[in-house]
Amino acid sequence: MTSLPAQPTPKRLGLVIDLDTCVGCHACAVNCKEWNAGGYHAPLTDFDPYGAAPDGVWFNRIHSYEAGTGADARVVNFPKSCLHCDNAPCVTVCPTGASYKRGSDGIVLVEEDKCIGCKLCSWACPYGAREFDTDAGVMKKCTLCIDRIYNENLEEVDRVPACVATCPASARHFGDLGDPNSSVSRLVADRGGYDLMPEMECAPTNKYLPVREKTTGAGATLPLEDASPEGGFLGWVDRLLSDASAA
Amino acid sequence: MHPAYSIIFFTTASGLGYGLLAVAAVFVGTGWLPPVRELGAIIILVGTVLVTAGLLSSTFHLGHPERAWRALTQFRSSWLSREGVAAVLAYVPIAGLAWGWVRLGEVAGAWLVAAWLTPVLAAVTVYCTGMIYASLKAIPRWHHPLVPWLYVMLGLATGAVGFHLVVAMFGAANFRSAGVAVAGLLAAAVLKIGYWRSIDTADPVATAETATGLGGFGNVRPLDPPHTAPNYLQKEMGYRVARKHARKLRKITLVTLFAIPLIGVALSVFAGFFLGAALAVIAGLSVVLGILIERWLFFAEAVHVVTLYYGEKAA
């Protein structure tokens with residue numbers, strides 16, 4: 001049934017994404033595509049990859065935004081993937097039972113054999129987490145790398161989603177957001193992690209850590225060296241050479 | 001939202017078909033229309049073909065039409081599933097009505113019950129169709145209490161115009177058949193205009209600032225897109241052409257869907273057989289054109305909140 005499981009689920013696995021440290025390198029998106037092209041949802045479409053209009057399914061897309069104007073303006077790199085919402089509208093709209101949220105850990109998945117490809121779940125999702133695979137005729141989405149995080153053939157250190165494993169800036173964190181003492185929950189509490197588009201009332205599991213306040217007193221606010229110094233060795237050199245050229 | 005032609009055809013054809021069957025069932029149920037077999041055969045054939053063709057066309061846009069039967073299983077949570085179940089159930093009273101009216105030539109007893117259940121299940125099915133769209137919070141212009149009733153009233157109004165047209169062909173049009181069509185069109189027009197007013201004056205539900213959580217710095221605008229070519233989300237949700245011409249298209253909708261059919265139906269009862277039938281045909285053709293434009297605009301005008309990540313300011 002595509003009804004949602006009882007809340008809260010015992011575990012609420014998800015991601016915490018640090019907008020302050022993300023450098024916008026797209027490595028998470030690339031590693032996501034690489035892993036998932038051979039994983040649970042494999043293969044993923046990749047049409048016209050070197051042509052003028054490449055197209056295909058991605059579970060993770062990296063936007064970048066300008067916010068504000070003048071001295072306070074910021075450029076923010078903004079990765080976006082499935083938020084594995086507690087109140088996931090993509091699950092309840094599914095007419096076939098293909099779309100479901102796991103009662104054990106809260107991961108939202110698609111059972112491809114049941115999916116009729118009606119696309120209604122992609123309409124229901126405010127975040128654009130679901131993409132239609134025109135080749136397989138079914139809907140695809142982030143699995144939170146379910147085939148990595150529980151994979152006992154991998155070293156324990158590698159049992160994290162591909163995007164988290166590859167991030168060179170440690171801007172992506174994986175863990176149980178249902179456990180208030182987990183490292184991700186503490187991170188959210190310390191840094192004021194927030195929900196995207198809370199007015200949609202989806203109760204997303206993934207949280208975003210805000211960009212920190214700008215530090216002041218460094219860099220552009222300090223003046224450059226005075227080119228006409230008074231006194232001292234440099235003052236003497238400046239005076240001597242200035243006089244010499246004038247003479 | 002990208003308007004898939006199969007969905008536009010499905011929602012308009014099934015709305016018209018259910019409306020036609022519902023109005024006809026009420027007319028024979030009350031005895032306002034004698035159960036003439038030929039008339040019944042044509043109405044039930046046209047109505048059932050429209051409904052069935054609509055339902056079939058809704059499977060054309062599926063990635064896996066052969067699995068469509070699965071869509072009947074999740075009626076506890078999904079309006080799309082509920083619609084499918086209601087549509088299947090609606091065939092039962094329609095078949096009963098057909099048996100009494102066409103086969104036996106009298107609508108009484110169990111067949112009378114079928115006649116009265118037909119409009120009920122027709123309305124339930126079309127209501128479910130409307131709720132598929134109205135239940136989507138991510139598309140604020142659809143997530144509106146009037147939307148399912150608009151679907152029901154437009155189905156009824158277009159069906160009533162269709163019914164008036166068929167009975168006019170049989171020389172059986174009268175003030176009742178015209179009156180139901182006129183009342184249905186007027187009620188649907190009031191709802192539609194009210195809906196447009198409401199969505200035009202509504203505050204945005206979400207903005208680029210709330211979508212990103214970056215509003216604290218000020219106005220948020222995209223710098224680099226995630227990919228160099230448009231992706232699925234932009235193609236499916238980012239349809240903007242019709243919105244640019246929404247004002248003009250709304251006027252065309254008002255004229256073709258409401259004004260011309262209203263005048264045509266109203267005048268047809270005062271005209272003789274041939275002129276009356278011709279006016280009913282004009283009303284019928286106009287209402288079909290009108291409902292197609294209305295439905296296309298309903299899709300094309302709707303802004304999905306995911307477009308906030310791709311440059312829309314508010315939705």
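How many bridges join strand S1 of chain A to S10(A)? Five, with S1 covering residues 13-18 and the two strands running antiparallel. Here are some notes to go with the structure; please keep in mind that this is a predicted model.

1. **The sheet around S1 of chain A.** Let's start with the strands from the opening question. Three strands of chain A make up an open sheet, and their order is S10-S1-S11. The pairing in this sheet is mixed.

2. From one strand to the next, the twist averages 25°. A helix also packs on this sheet: H6 of chain A, residues 183-191, touches S1, S10 and S11 of chain A. The direction of H6 makes about 120° with that of S10(A).

3. Strand S4 of chain A, residues 60-67, pairs with S1(B) over four bridges in the antiparallel sense. To find the spot on screen, pick A:Ala67, which stands opposite B:Val220 in S1(B).

4. **The largest pocket.** The volume of the largest pocket is about 520 Å³. Its lining counts 25 residues, and B:Leu55, B:Ser58, B:Thr59, B:Leu80 and B:Glu83 are the ones nearest the centre. How does the lining divide into nonpolar, polar and charged residues? There are 19 nonpolar residues, five polar and one charged.

5. **Which elements line it.** Both chains take part here. At least two residues of the lining of the largest pocket come from each of these: H3 (120-124) of chain A, and H1 (5-30), H2 (37-58), H3 (79-104) and H4 (110-134) of chain B. The largest share is that of H3(B), with six residues.

6. **The second largest pocket.** This pocket has a volume of about 280 Å³. It is lined by 17 residues, and those closest to its centre are A:Asp46, A:Pro54, A:Asp55, A:Trp58 and B:His227. H1(A) gives the most, with three residues. By type, the lining of the second largest pocket holds eight nonpolar, five polar and four charged residues.

7. Over all chains, a search of the whole structure turns up 24 aromatic pairs. One to look at is A:Trp123 with B:Phe299: the ring centres are 6.1 Å apart and the planes stand at 70°, so the pair is edge-to-face. Why does this pair join two chains? A:Trp123 is in helix H3 of chain A, whereas B:Phe299 is in helix H11 (residues 273-301) of chain B, so the contact links one chain to the other.

8. **Backbone details in chain A.** Some backbone values are worth a look as you go through the model. The peptide bond from A:Gln7 to A:Pro8 is cis, with omega near -10°, and A:Pro8 sits in the segment before S1 of chain A. Another cis peptide bond runs from A:Ala42 to A:Pro43, again with omega near -10°. A:Pro43 belongs to the loop between H1 and strand S2 (46-47) of chain A. Finally, A:Asp48 has a phi near 50°, a positive value in a residue other than glycine; A:Asp48 is in the loop between S2 and S3 of chain A.

Note on methods
Residues numbered from 1 in each chain as written. Chains lettered and ligands numbered in written order. Predicted model: local features only at pLDDT ≥ 70, side-chain atom pairs only at ≥ 80, totals over all residues. Heavy atoms only, no water. Pairing = 2+ DSSP bridges. Axes fitted to C-alpha atoms, helices over the stretch in contact; angles between N-to-C directions. Contact = heavy atoms within 4.5 Å. 1 Å grid on protein atoms, 1.4 Å probe; cavity = no way out; pocket = protein on both sides within 12 Å on 5 of 7 lines; lining within 4 Å. Points joined across faces, edges and corners; volume = space filled by probe spheres on them. Nonpolar A, V, L, I, M, F, W, Y, C, P; charged D, E, K, R; others polar. Phe/Tyr/Trp six-rings, centres within 6.5 Å; stacked < 30°, edge-to-face > 60°.
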